[in-house]
Amino acid sequence: MNMISHLLQRWLKLPPPVTRNLVVQRDLRVPMPDGVELLADRWAPRSGGEALPTALIRCPYGRRGVLAMAMARPLAERGFQVLIQSTRGGFGSGGAFDPLRQEREDGLATLDWVIKQPWFGGSIVLVGVSYMGYVQWAVADALPPEVKAMIPQVTESALTLEFLRKDGMSLETPFGWGALIAVQERPLAMLRQPFQAKKIRRALSTLPLNQADVAAVGRRSDYIQDILTHDADAPRWAGLDHSDRVAQVTVPVSSIGGWYDIFLPGQLRDFRILQEAGRPARMTVGPWTHTAINNTGTLEAIEFGLAHARGEQPPHRLPVRLFVMGEEAWRDFETWPPPGYAPQRFHLQPSGALSTETAGDSAPDRYRYDPADPTPAAGGVVMNGGGRVDNGSLEARADVLTYTTDVLEEDAEVIGEVGAEIWFRSSLPYADVFVRLCDVDPRGRSANVCDGLVSLSGAEEITRATVKLWPTAYRFKRGHRIRVQVSSGAFPRYARNPGTGESRATATTLRAADQEVYHDSAHPSAVILPIRSA
């Protein structure tokens, strides 16, 4: 296992270790106020570990194996002692796992316990990705003075809730995560993951959806039932949103996100809250998906976290570091969104054109959407895989409209929040509008940049659908073209709209719809890009 760790660290291009001679204390018992005990493993250099800062990782996925090799060992070899704890109800920790609900109380109790340990070296840095970042936000407004920095990666303070919007329910990510946690402690769970992934893909097409958990994991899942039944604003989710704590953070925060990460909008919101509150914060956003392995988090723990834990300042840089796709280069800015990128409307035109000029009188474009053969998702924002892909086969479908500019005569750089206003009508009252921004290279290959979906009611009348796309930083190069796709779904990333108005959890009837997209002078459909000429 040590050899695997060393090869992984070399691949991640980490700085040389201070030591490889580590000791691991297994199954430390951390008491909670209600009497439950959570288990933790402590990784430290065999000599001198007691004097080092503690990197705290609270994790629902276990404490051993690849997770320890990728997170605990690299930090313990480079200046930290590391405590990796299994959250309540999993991998030997007591109590029942109720996702997202217990992390504030358990997190604060864990911090209090760490500070009292004889091996505690005087400072703590909170680190971790995804759920392990969310648990940091759950305690962020009540940190003891011994905590010196937070490094949340591909995460945000209101985890899950973005997926459950009433006007656009994500399906694949929360369902897939619910299935993962339901089976992760079964024998040979890691080896069975490819088979499990196939079962999940089949289950997502189950009708009604509230039976899909049984098809995927063989039993009912409370979390999956909750995400299918309760929208983001339902009382069931009360207490899960910690965004009101963000402005109260007093320690430096370095957040790390990805342009194709499932939590990006919330992570950018958290960073803006920190900046507006005058808190010490910086942010890095790369061309990554949620599960893309990179060394940024570990490097940031070493460079940023270790410096603050020692009472030092990390090397200076501007607060916002963005990877500008298309240019394929890192750029630094003072704020998010950066100034100088004015919103510009690119209008849908007849015959599939896209232009900054408004369209004249024209007939709407039409397509038929059939939820029994739903428009598929291709790449983009999903928990596993995703990112930039060739959109050729997607754009060849009859249920996908495309609108494309002329060849660009100079580079055009888009950095910031992207939106669209699509004038739309359906033959049914209930419909979805999915919009995707793409870059078309000189060979005609179309690659997705960002996208978004909104669900409509009253869609049988001409309606202006306001679609919020994922934020981005992208340079469209001279000789390329900008393209916009319009369709009515991206399954299974988003739940398919049955067209009946029934609950997606219990719907059993699927109705096809005839859709119309308008682009005349009275209905100026457009995508709005924060843009400047380069």
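This is a predicted model: local features need pLDDT of at least 70, side-chain atom pairs count only at pLDDT 80 or more; totals for chains, interfaces and linings use all residues.

Does Arg366 count as buried or exposed, going by relative accessibility? I looked it up: Arg366 comes out at 54% relative accessibility, so I put it down as exposed.

**Entry 1: Arg366 and Glu516.** I checked what Arg366 pairs with, and its side chain meets that of Glu516 in a salt bridge, 3.0 Å from N to O. The two sit in distant parts of the chain, 150 residues apart. I find Arg366 in strand β15 (residues 365–369) and Glu516 in strand β24 (residues 513–518). Glu516 has a relative accessible area of 13%. The cut-off for buried is under 20%, so I file Glu516 as buried.

**Entry 2: Glu300 and Arg282.** How buried are the two ends? Glu300 is buried at a relative accessible area of 7%, and Arg282 is buried at 7%.

**Entry 3: Glu413 and Arg532.** I then looked at Glu413, which forms a salt bridge with Arg532; their closest N and O atoms are 3.7 Å apart. Because Glu413 lies in strand β17 (residues 412–416) and Arg532 in strand β25 (residues 526–533), the pair ties together parts that are 119 residues apart in sequence. I get 1% relative accessible area for Glu413, which is buried. Arg532 is partly exposed, at 34%. I followed the shared partners from here and got one network of salt bridges, joining Glu327, Arg331, Asp411, Glu413, Arg475, Lys477 and Arg532.

**Entry 4: the count.** How many salt bridges does the rule give? I get 44 salt bridges.

**Entry 5: helix α4.** Last, I turned to a helix and its cover. Helix α4 runs over residues 131–138 and is mostly covered, with 8 of its 8 residues buried. I wrote the buried ones down: Tyr131, Met132, Gly133, Tyr134, Val135, Gln136, Trp137 and Ala138. A reminder to myself: an α-helix has 3.6 residues a turn, so residues three or four places apart point the same way.

Methods: Residues are numbered from 1 along each chain as its sequence is written. Side-chain values use heavy atoms; hydrogens and water are left out. Buried means under 20% relative accessible area, exposed over 50%, partly exposed in between (1.4 Å probe, protein chains only). Helices (H or I, at least four residues) and strands (E, at least two) are DSSP runs, numbered from the N terminus. A salt bridge is a side-chain nitrogen of Lys or Arg within 4 Å of a carboxyl oxygen of Asp or Glu.
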